[in-house]
Amino acid sequence: MFEPAEICSLFDLSHTAAAPLLSTLGYPWEALPKIGELILQIGGSLSAEAYERRGENVWVHRTAAVFDSAYLHGPAIIGPRTEVRQCAFVRGNALVGADCVVGNSTELKNVILFDGVQVPHYNYVGDSILGYKAHMGAGSITSNIKSDKTDVWIHTGSERIETGLRKIGAMLGDHVEIGCNSVLNPGTIVGRETTVYPLSMVRGWIPPHSIYKRAGEIAERK
């Protein structure tokens with residue numbers, strides 16, 4: 001039986017170019033220090049017919065739509081049919097899959113976005129992994145560093161896992177829905193097909209197939 005925070009419990013790896021890396025790891029946050037290197041490895045093998053190289057170590061699929069006001073810093077890969085909208089800020093170490101939306105004024109840094117992910121309006125996503133078709137409502141963010149700047153621990157309810165990392169945002173399983181203006185605290189893990197209510201302050205592990213209403217009130221999805 002898989003642990004709740006393990007990669008195999010959260011994600012279908014057939015929906016990301018990061019599968020060769022993630023399949024070798026136990027926990028998703030173990031991939032965070034390796035994203036930049038992974039992008040360089042993948043980028044070097046991409047077809048020039050399919051991907052346009054923009055600047056240093058930035059690869060954009062020729063079917064992707066990137067608005068002129070968006071900023072892309074490498075290493076980064078923007079996948080097929082993905083939209084990077086007005087004033088998006090991609091700071092680097094961003095592996096963005098197919099059919100994604102990186103919305104207006106959204107900021108990405110050191111992330112893996114699986115296929116179909118939407119972060120469409122005023123989102124900050126840093127040091128995080130978002131599973132297949134995960135969606136973050138307008139203004140929702142991942143907080144990726146504790147106020148005391150100490151290493152992030154992962155709390156799964158029954159277990160407290162030491163990560164050795166000072167910066168971890170959130171790990172969102174496949175088909176997760178995050179409500180508008182929610183804050184996901186450092187090290188938050190949200191299980192597959194879970195919905196988080198708007199204006200939530202989320203911490204720790206949220207079970208799959210559930211509805212997070214507020215701290216201490218989580219309903220099973222029917």
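**View A. Aromatic pairs in the predicted model.** A search of the whole structure finds three aromatic pairs (rings of Phe, Tyr and Trp, the last by its six-membered ring, with centres within 6.5 Å). In one of them, Tyr 27 and Trp 29 have ring centres 4.6 Å apart and planes at 10 degrees, so this pair is stacked (planes under 30 degrees apart; over 60 is edge-to-face and the rest tilted). Tyr 27 and Trp 29 are both buried (under 20% relative accessible area; exposed is over 50%, partly exposed in between; 1.4 Å probe, protein chains only). This is a predicted model, in which local features need pLDDT of at least 70 and side-chain atom pairs pLDDT 80 or more, while totals for chains, interfaces and linings use all residues. Residues are numbered from 1 along each chain as its sequence is written, and side-chain values use heavy atoms, without hydrogens or water.

**View B. The largest pocket and its lining.** The volume of the largest pocket is about 180 Å³. A pocket is an open set of points on a 1 Å grid over the protein atoms alone, where a 1.4 Å probe fits, with protein on both sides within 12 Å along at least five of seven lines; lining residues have an atom within 4 Å of a point. Trp 153, His 155, Arg 160 and Arg 203 are among the lining residues. Arg 160 also lies over the face of Trp 153, 3.8 Å from the ring centre (cut-offs: NZ of Lys or CZ of Arg within 6 Å of the centre and within 35 degrees of the ring normal).

**View C. Two of the salt bridges.** The structure holds seven salt bridges (a side-chain nitrogen of Lys or Arg within 4 Å of a carboxyl oxygen of Asp or Glu). Glu 83 pairs with Arg 85, with the closest N and O atoms 2.9 Å apart. Glu 83 is partly exposed at 30% relative accessible area. Arg 85 is partly exposed too, at 23%. Arg 192 bridges to Asp 174, with closest N and O atoms 3.3 Å apart.

View D. For Cys 100, the nearest cysteine sulfur is that of Cys 180, 19 Å away. Cys 100 is buried, at 1% relative accessibility. Cys 8 is partly exposed, at 36%.

Note on methods. A disulfide is a pair of cysteine sulfur atoms within 2.5 Å. Grid points are joined across faces, edges and corners, and a volume is the space filled by probe spheres set on the points.
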